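I'd like to walk you through one structure, so please have a look at it while I talk.

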Amino acid sequence: MRLSQSTFLICSLFFGVCINSFAQSAACEKAISNKYSGEFQDKYGNGSSRKISMLQYYATQGPGMHKFGNNNALLYVAVVDKFENGQIRDRDTVKLWCVVNTKGNVLGLERDFN
């Protein structure tokens, strides 16, 4: 009986950590999409837009392993395409740190220029 209780406890902790990391990742991806995607139009009718063509997650660093305080930092690399009047004009590769607090809320996106 003791072994099954401890096994249940370990499994529930593992799945709790996995669910939390999935929630953090989903929140980060949404924040990145909101910041780097969108459509715009000037007063002359010229349209421009930005779209993420690739978003790749690389690593998570826990508190104390980075400069963002007592939070988690998730590292992403995104390829952002810029369009003008429906034609691609530019493509940028962006390295981003998504800073997430212990509750899973995104505190901010920090660009890494290294």
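Predicted model: local features only at pLDDT ≥ 70, side-chain atom pairs only at ≥ 80, totals over all residues.

Gly104 itself is found in the loop between β4 and β5, the latter covering 106–111. With a relative accessibility of 17%, Gly104 counts as buried. There is also a C-alpha to C-alpha distance to mention here: Gly104 and Ser25 are 9.0 Å apart in space, although 79 residues separate them in sequence.

Now let's step back to the overall layout. Of its 114 residues, 26% count as buried. The exposed surface comes to about 8100 Å², and carbon and sulfur atoms supply 55% of that. If you take contacts between residues at least 6 apart in sequence, 39% of them join residues at least 24 apart.

On to the disulfide, and there is one in the structure. Which cysteines form it? They are Cys28 and Cys98, with their sulfur atoms 2.0 Å apart. The torsion about the S-S bond is about -90°, so this disulfide is left-handed. Cys28 belongs to helix α1 and Cys98 to strand β4, so the pair ties together parts that are 70 residues apart in sequence. Both Cys28 and Cys98 are buried.

As a general reminder, nonpolar side chains in soluble globular proteins tend to be buried together. Here the largest nonpolar core has 11 residues, and Cys28 and Cys98 are among them, along with Ile32, Tyr36, Leu74, Tyr76 and Val100, for instance. Which elements each supply at least two residues of this core? They are α1, spanning 2–36, together with β3 and β4. The element that gives the most is β4, with four residues.

Not counting residues up to four places away in sequence, Val100 touches Gln24, Cys28, Asn71, Asn72, Leu74, Asn105, Val106 and Leu107. There is also a second, separate core of five residues, which includes Phe68, Leu75, Trp97 and Val99.

Asn72 lies in strand β3 and counts as buried, at 19% relative accessibility; the cut-off for buried is under 20%. Again leaving aside neighbours within four places in sequence, Asn72 is in contact with Gln24, Thr60, Gln61, Gly62, Pro63, His66, Cys98, Val99 and Val100.

Next, the aromatic rings. How many aromatic pairs are there? The count comes to two. In one of them, the rings of Tyr57 and Tyr76 have their centres 5.6 Å apart and their planes at 65°, so this pair is edge-to-face. Tyr57 is in strand β2, residues 47–61, and Tyr76 in strand β3, residues 72–84, so the pair ties together parts that are 19 residues apart in sequence. Tyr57 counts as partly exposed, at 39% relative accessibility, whereas Tyr76 counts as buried, at 0%.

Phe68 and Trp97 form an aromatic pair as well, and this one is tilted, at 6.4 Å centre to centre with 50° between the planes. Phe68 sits in the loop between β2 and β3, and Trp97 in strand β4, residues 87–100, so the pair ties together parts that are 29 residues apart in sequence. Phe68 and Trp97 are both buried. While we're on rings, have a look at Phe83 too: the charged end of Lys51 sits over its ring, 5.5 Å from the centre.

One last stop, at Asp92 in strand β4. Is Asp92 buried or partly exposed? With a relative accessible area of 24%, Asp92 is partly exposed. Not counting residues up to four places away in sequence, Asp92 touches Ala78, Val79, Val80 and Lys82. Asp92 and Ala78 are 14 residues apart in sequence and, C-alpha to C-alpha, 8.2 Å apart in space.

Conventions: Residues numbered from 1 in each chain as written. Heavy atoms only, no water. Phe/Tyr/Trp six-rings, centres within 6.5 Å; stacked < 30°, edge-to-face > 60°. Buried < 20%, exposed > 50% of the residue type's maximum accessible area, 1.4 Å probe, protein only. Lys NZ or Arg CZ within 6 Å of the ring centre and 35° of its normal. Core = buried A, V, L, I, M, F, W, Y, C linked by side-chain atoms within 4.5 Å. Contact = heavy atoms within 4.5 Å. Disulfide = S-S within 2.5 Å. Areas by Shrake-Rupley, 256 points an atom, 1.4 Å probe, with all protein chains shown as cover.
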